[in-house]
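Here is my note on the model you sent.

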Amino acid sequence: GAVVSQHPSRVICKSGTSVKIECRSLDFQATTMFWYRQFPKQSLMLMATSNEGSKATYEQGVEKDKFLINHASLTLSTLTVTSAHPEDSSFYICSARDPGGSNQPQHFGDGTRLSIL
Amino acid sequence: DAKTTQPPSMDCAEGRAANLPCNHSTISGNEYVYWYRQIHSQGPQYIIHGLKNNETNEMASLIITEDRKSSTLILPHATLRDTAVYYCSGGSNYKLTFGKGTLLTVNP
């Protein structure tokens, strides 16, 4: 089945640091990838839709200058949390749309736990 | 995207069938119903999806009511490893909306 790999799995860094998270589709090409954020004991919230070769589409309330998304190839999307602060600490998860046809499921990475000190 | 409603928690005995309900009364005619589960500190795992007809795969069965306003995910023989939060989502693979899900606890 389709596999999505996310790296790193965990990041701990100081306030003010920028952190880059990678999302790769390992055995298929993904023109569309999605970035979610999940706070403890809460559900996944879609942050943005990443489109290969074009600008990402951000959900309402998500700062595009804070969360930079780049989808430069058909197998890689990156999320950069710029000047991270403790309130940005969360579980960040990416997914990629299965290219097998319309309405095929999204496949998720294992997530990145970001802790800002 | 359809809004979904699920019970916050359910218990099931190991080896028994687990039936997880989901209401999605606002689902539109071309939106599929997707089920995922999330084990603590991992990404969601796809389980099954369907539009109108009941579906079955190696993991589970999906029963969708005729009016498509609700569905039930069935794990035929639950194991301890099936303990997870189960999410149903009405939408398309272009955009999924996750509710709070159901925490299924499988007890020995």
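**Notes on chain B and its interface**

1. In chain B, 55% of the contacts with a separation of 6 or more are between residues 24 or more positions apart. Please keep in mind that this is a predicted model.

2. The secondary structure of chain B consists of nine strands and zero helices. Along the sequence this reads β-β-β-β-β-β-β-β-β.

3. On overall dimensions, a compact globule of 108 residues would have a radius of gyration near 13 Å, and chain B agrees because its value is 13 Å. Taken along the principal axes, the C-alpha atoms of chain B fill a box of roughly 40 × 30 × 20 Å. Of the 108 residues in chain B, 45% are buried.

4. Turning to the interface, 19 residues of chain B are in contact with 21 residues of chain A. The two chains, B and A, bury about 1,700 Å² between them. Carbon and sulfur atoms carry 51% of that area.

5. How many residue pairs are in polar contact across the interface of chain B and chain A? The rule finds six, with both residues at pLDDT 80 or more. For salt bridges across the interface of chain B and chain A, the count is zero.

6. On the side of chain B that touches chain A, β3 (32-38) and β4 (45-50) of chain B each supply at least two residues. β3(B) gives the most, with four residues. By class, the residues on this side of chain B are nine nonpolar, eight polar and two charged.

Key: Residues numbered from 1 in each chain as written. Chains lettered and ligands numbered in written order. Predicted model: local features only at pLDDT ≥ 70, side-chain atom pairs only at ≥ 80, totals over all residues. Heavy atoms only, no water. Contact = heavy atoms within 4.5 Å. Buried area = accessible area lost by both parts, 1.4 Å probe. Salt bridge = Lys/Arg side-chain N within 4 Å of Asp/Glu carboxyl O. Polar contact = N/O pair within 3.5 Å; in protein donor to acceptor, adjacent residues only side chain to side chain. Nonpolar A, V, L, I, M, F, W, Y, C, P; charged D, E, K, R; others polar. Rg over C-alpha atoms; globule rule 2.2 N^0.38 Å. Buried < 20%, exposed > 50% of the residue type's maximum accessible area, 1.4 Å probe, protein only.
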